[in-house]
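Reader: I would like to learn how to read the features of a model like this one. Please take me through them one at a time.

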Amino acid sequence: MRQVRSKGRSNGVKSGAGFATAVAVLAMGVATPARVEDPLDAEFRTKVRPVLAKHCAGCHSGRQAAAGLDLSTAWTAKSALAERAKWERVVFNVKSATMPPPPSEIKSTDRDVVVGWAERVLSSDCNLADAGKVTIRRLNRSEYRNSLRDLLGIETDLTTDFPSDDVGSGFDNIGDVLSLSPLYVEKLVSAAERAATLAVRIPGPVSVPVEVHKMALTQGVAATGEDVLAFTSAGRATVALAHLQPGEYTAKIDAYAQQAGPEPAKMRVAFRDKLLDDVVVRNGPDKPTTYQIPFTLTADDRDATFWITFPNDYYDPKNPELDQRDRNLFVSKIVFEKAAEPLRLPNGPIVRKPNGPGDRETPARDLKAFMRRAYRRDVTSDEVSRLMSVFDASVKKGKVYESAIRDCVTAVLCSPHFLFRKEEAPVVTGEAVAPFEAASRLSFFLWSSAPDDRLLDLAAQGKLQDPKTVAEQVDRMLLSSKSQSLAEDFAMQWLQLRKLEGISPDPRLFPGFSPELREDMAEEAKAFFLDALANDASVLVFLDSDYGFLNERLAKVYGVSGISGAKFRKVKWTDPARGGLTGMAGVLATTSNPNRTSPVKRGKWVLEQILGTPPPPPPPGAGSLPEDVVLKPTMTMKERLEAHRKKPDCATCHRAMDAMGFSLENFDPIGQWRTKDGDFDIDPVTVLPDGSKLDGPRSLRKHLLSRKKDFVRSLAERLLTFATGRAMRPEDGCHLDTIVKAAEKDGYKFRSLIKAVVASDPFSKKSK
């Protein structure tokens, strides 16, 4: 029986009524109910707490506990879950041997005790119904640019003068940081007007004049000083048509004749050796006439020629009437006029002319189809009516039909329904994302653009609630060229390679670096990423691979021969130093200083971008290496950083960062292999906090593969952050575990990981 203490009593039994009750219970032979201790709490008390007391409580105890984490108290599963973020940090630090710091020596079995308990606690209360909240957000620059491209067929980048998008959680599509300043609004309005002008062309004939004196002339034809062709016999004047675009044309030819003989002069017009017309030219020099000859120019005809000849020359020098002795033809002007084409909104229906002044049904129908794609959902009759009021106002001002349509397109592109991604609040937590919202989530994740008609149609039919249909659409979308946006918008931010735009290696030390090489570094990473995506490779190729992508410039950096030209091609590595992301020049360059490498930056990049375990911010006053130490010529880089690690506040984080960074020290600041740093031999041998030895890039890749689950979880977190447009919370850890387990079943295939992200609750559901 559990003892219950009372004041003034030493026998552990209450007095008074409580005592009488206890006696009565004992008399009946019934024991008082005992509290059943939670097994996880018991495990902490008997196994975990002794380890923490021995190795951690020295720093992590009391009000001044390091990192605000007091490990000297009696933690329970419930209290640990209430501070999930802290215990996730404990798991990482203990598992990675970052903690406890030297000189503490902790057995691997003791590490397993702490990590095992914490991981079981963190997974014991997964509220998978809580999908997290997504903030309403505007389209970022990339999404806006791509949406215009897909809606209107505009390849021109209209966002070059937009303010930069803010970045949150590593990406520029996070709703909480996508602000909208007055300047940004001005830029959006201006871009909408320019987009409408480019997309909605006011039709009209296109006239292309011919310089007749530049035509190819045979004997019997001459060009006069007045730029007139004089046909004095059956000669030919020829012009090539390669400068014309395919289409329906009318050749407008101003001609007159000097008449003689029994019939009027004739002008024979031909195209590609095909007779178009034999025109009878009856008028004389006092009255030039324009003759119109229609013809069709196809893409196959553009190497053909257009020519004119005079087929009925007449000459009678003995005719008693002087004006009847010689018949000649004169051509004073030739113009090729292309017929006006129907107005078309690219990727949409032809915008037909109304059937008379009172027809509003035709433009309303066509604009409704455009609004559906722009707003990424079905539109209401009221919305169409409001847009038609813009059309009516434009027509009332005297604008032509096409100009009125242009005003409507501008209005749509300025609408919040186009510029913002808004989702309706759920009635209950865990409610499925609405069909059209699901279409937008898919398209902006995989394409950084608006959904196409196929996705919108499936949403309208309610089929995007079916996991099988969604998986099929993921496959379809990843096969589209639009999925290349994942390389530009996801991969380049995940790998922090957008920083390449700002690097400037010292030209005296690295004369081989150029703006073109900078672009090559970015293209290498994109090509590698897209190849893994296209071939559905295991994402573990990012950690280690036996191939890469090179062109001539980059091959010279890598010391690879036999590659010429600017085009990238897949290359099988023979150099064991290369493979995966850590051997890429772009990664190595962005994690270096202009005049030297930075093992700290490189190690931090590996911890942060690959393993998803960024070191905590440096403590106040930690700073960087003192300049006199950095520049001291008698010290190697390793010795300089060892001096830095002598600071107790710096040692803990730098043990892991420096070790991983030094394993890449044979790569110089632009990714070239070297064996010396100045006058010093490079010694890449380092030891990780857990005692593992690294001796170069190959051993680092092997170490990273040993932590593949950490990498896949980190990549899943990055993908889910990018896909949902929100930062991850500690509560999302369970969702990430689910994603990783699903991908693991299929060998961590790239598409399986993406499908697992799409199928996850944070992507497919929403919370109140």
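Reader: How many helices and strands are there in the protein chain?

Author: This is a predicted model, in which local features need pLDDT of at least 70 and side-chain atom pairs count only at pLDDT 80 or more, while totals for chains, interfaces and linings use all residues. Residues are numbered from 1 along each chain as its sequence is written, and side-chain values use heavy atoms, with hydrogens and water left out. Helices (H or I, at least four residues) and strands (E, at least two) are DSSP runs, numbered from the N terminus. The protein chain has 27 helices and 22 strands.

Reader: What percentage of the residues in the protein chain is buried?

Author: Buried means under 20% relative accessible area, exposed means over 50%, and partly exposed lies in between (1.4 Å probe, protein chains only). Of the 768 residues in the protein chain, 49% are buried.

Reader: What share of the contacts in the protein chain with a separation of 6 or more comes from residues 24 or more positions apart?

Author: A contact means heavy atoms within 4.5 Å. Residues 24 or more positions apart account for 70% of the contacts in the protein chain with a separation of 6 or more.

Reader: Now helix packing. At what angle do the axes of H6 and H7 cross?

Author: Two packed helices are described by the angle between their axes and the distance between the axes. Axes are lines fitted to C-alpha atoms, for helices over the stretch in contact, and angles run from 0 to 180 degrees between N-to-C directions. Helix H6 (residues 141–152) and helix H7 (residues 182–199) have axes that come within 11 Å and cross at roughly 20°. Angles under 35 degrees count as roughly parallel, over 145 as roughly antiparallel, 65 to 115 as roughly perpendicular and the rest as oblique. H6 and H7 are therefore roughly parallel to each other.

Reader: Which residues make the contact of H6 and H7?

Author: From H6 they are Arg141, Tyr144, Leu148 and Leu152, and from H7 they are Tyr184, Leu188, Ala191, Ala192, Ala195 and Ala199. For classes, Ala, Val, Leu, Ile, Met, Phe, Trp, Tyr, Cys and Pro count as nonpolar, Asp, Glu, Lys and Arg as charged, and the others, Gly among them, as polar. The contact of H6 with H7 has 9 nonpolar, no polar and 1 charged residues.

Reader: Which residues does Leu419 contact?

Author: Leu419 belongs to helix H11 (residues 416–419) and is buried, at a relative accessible area of 10%. Leaving aside neighbours within four places in sequence, Leu419 is in contact with Arg137, Arg138, Leu139, Tyr144, Leu188, Leu413 and Cys414. Tyr144 and Leu188 also take part in the contact of H6 with H7.

Reader: Is Cys414 buried or partly exposed?

Author: Cys414 is partly exposed, with a relative accessible area of 30%, whereas Cys408 is buried, at 0%. A disulfide is a pair of cysteine sulfur atoms within 2.5 Å. A search of the whole structure finds 0 disulfides.

Reader: How do H16 and H26 cross?

Author: The axes of helix H16 (residues 515–534) and helix H26 (residues 750–759) come within 7 Å and cross at roughly 80°. H16 and H26 are therefore roughly perpendicular to each other. In this contact Phe529, Ala532, Leu533 and Ala534 of H16 meet Phe750, Arg751 and Ile754 of H26. The residues comprise 6 nonpolar, no polar and 1 charged.

Reader: Where is Ser169, and what is its phi?

Author: Ser169 lies in the loop between H6 and H7. Its phi is near 55°, a positive value in a residue other than glycine. Ser169 is partly exposed, with a relative accessible area of 41%. Gln496, in the loop between helix H15 (485–494) and H16, is not a glycine either and has a positive phi of about 60°. Gln496 is partly exposed at 22% relative accessibility.

Reader: Which residues does Val587 touch?

Author: Val587 sits in helix H18 (residues 585–590) and is buried at 4% relative accessibility. Not counting residues up to four places away in sequence, Val587 touches Leu497, Leu581 and Trp605. The C-alpha atoms of Val587 and Trp605, 18 residues apart along the chain, are separated by 8.7 Å.
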